[in-house]
Amino acid sequence: PASVSRVSNGRSIAIETTQLNLFRRNKNKGGTAVVEVEQAVAPSTVVSTVVDTGAKALFGINVNSEAKVDGSISEKEVRTLFTLWNSALATGDSRIVASRYTKSPVLLPTVSDTPRTDFNSVKDYFDAFLLKKPQGKIVDGYITIGDGWASDTGIYEFTMGTTGDKVKARYTYLYVQEDGFWKIQHHHSSVMPEGIDMGKKITEDEVRALFHRWNDALATLDPNKVAFRYAQKPVLLPTVSDVPRTDFNSIQDYFVNFLKLKPQGEILESNVLIGHNWAQDC
């Protein structure tokens, strides 16, 4: 059974099933409200419908309707498509972000080695990325417009709302027309190469400094900030729990309780080992 999440303009949307249904609310002669299945649609279609009919009421934006195809597109309108995508990030809802992509997109994301080529895989990427509460701005961009397509390429910068960190990256968006809307067909995002110390080994002092950054995260008493100090596929064997923690949510859960003790640490004795792309402090 589907769960109905929102009624807007006479329609309620079921968004939790694989094959999703769009419902219509009617009244019979006795005035009793009844709900009938109007049509079955795919997840990406449902999310687009949610955005077109309900997202403005829910989030103050109307992400897809503002991207309707209306003749040729201008450079200003191309840049507005980035603003719509950025506004979708601000909702914190990965379904709304994924609805900005075509039915068969190619997303080569900043912090994942896996290409995302359909609605579910794009949504999966943003499930994790949106935990950082990112907001972006274009620092330098170059727009090209063709017949039925437009591209925007350049450098953007994200501010992570959870930590305040700023990250610059190179980007490419290729927009195409699909079902009467401008959608993202291709999105490539990669870290600025100047920010990567290629082949530079970490020093022992720098390894020990990583402990201080973790300790500083403890001092904030924010379990999110502590959890962000761990890799995407971590293994935490904690001090006061018998349960191994192997993802962001389980690590965050551990520190929710641990931080109530207001812990602060210091290293009494340290033995650092450094290898190729790894370091150990024990």
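Visitor: How many helices and strands are in the protein chain?
Guide: Seven helices and 11 strands. Keep in mind that this is a predicted model.

Visitor: What share of the residues is buried?
Guide: Buried residues make up 37% of the 282 in the chain. The chain exposes about 16400 Å². Carbon and sulfur atoms supply 51% of that area.

Visitor: Let's go to helix α7. Which of its residues are buried?
Guide: The helix spans residues 248-258. Its buried residues are Phe248, Ser250, Ile251, Tyr254, Phe255 and Phe258.

Visitor: And what covers them?
Guide: The cover includes α5 (204-219) and α6 (223-227).

Visitor: α5, okay. Where else does α5 turn up?
Guide: In the lining of the second largest pocket. α5 gives the most to that lining, with four residues. β11 (278-281) also supplies at least two.

Visitor: What volume does that pocket have?
Guide: About 490 Å³.

Visitor: How does the lining divide into nonpolar, polar and charged?
Guide: Eight residues are nonpolar, one is polar and three are charged. Among the lining residues are Trp214, Arg229, Glu269, Gln280 and Asp281.

Visitor: New topic: aspartate 93. Where does it sit?
Guide: In the loop between α2 (75-91) and α3 (94-98).

Visitor: Is aspartate 93 buried or exposed?
Guide: Buried. Its relative accessible area is 12%, and the cut-off for buried is under 20%.

Visitor: What does its side chain make a polar contact with?
Guide: The side chain of arginine 95, at 2.6 Å.

Note on methods:
Residues numbered from 1 in each chain as written. Predicted model: local features only at pLDDT ≥ 70, side-chain atom pairs only at ≥ 80, totals over all residues. Heavy atoms only, no water. Buried < 20%, exposed > 50% of the residue type's maximum accessible area, 1.4 Å probe, protein only. Contact = heavy atoms within 4.5 Å. Polar contact = N/O pair within 3.5 Å; in protein donor to acceptor, adjacent residues only side chain to side chain. Areas by Shrake-Rupley, 256 points an atom, 1.4 Å probe, with all protein chains shown as cover. 1 Å grid on protein atoms, 1.4 Å probe; cavity = no way out; pocket = protein on both sides within 12 Å on 5 of 7 lines; lining within 4 Å. Points joined across faces, edges and corners; volume = space filled by probe spheres on them. Nonpolar A, V, L, I, M, F, W, Y, C, P; charged D, E, K, R; others polar.
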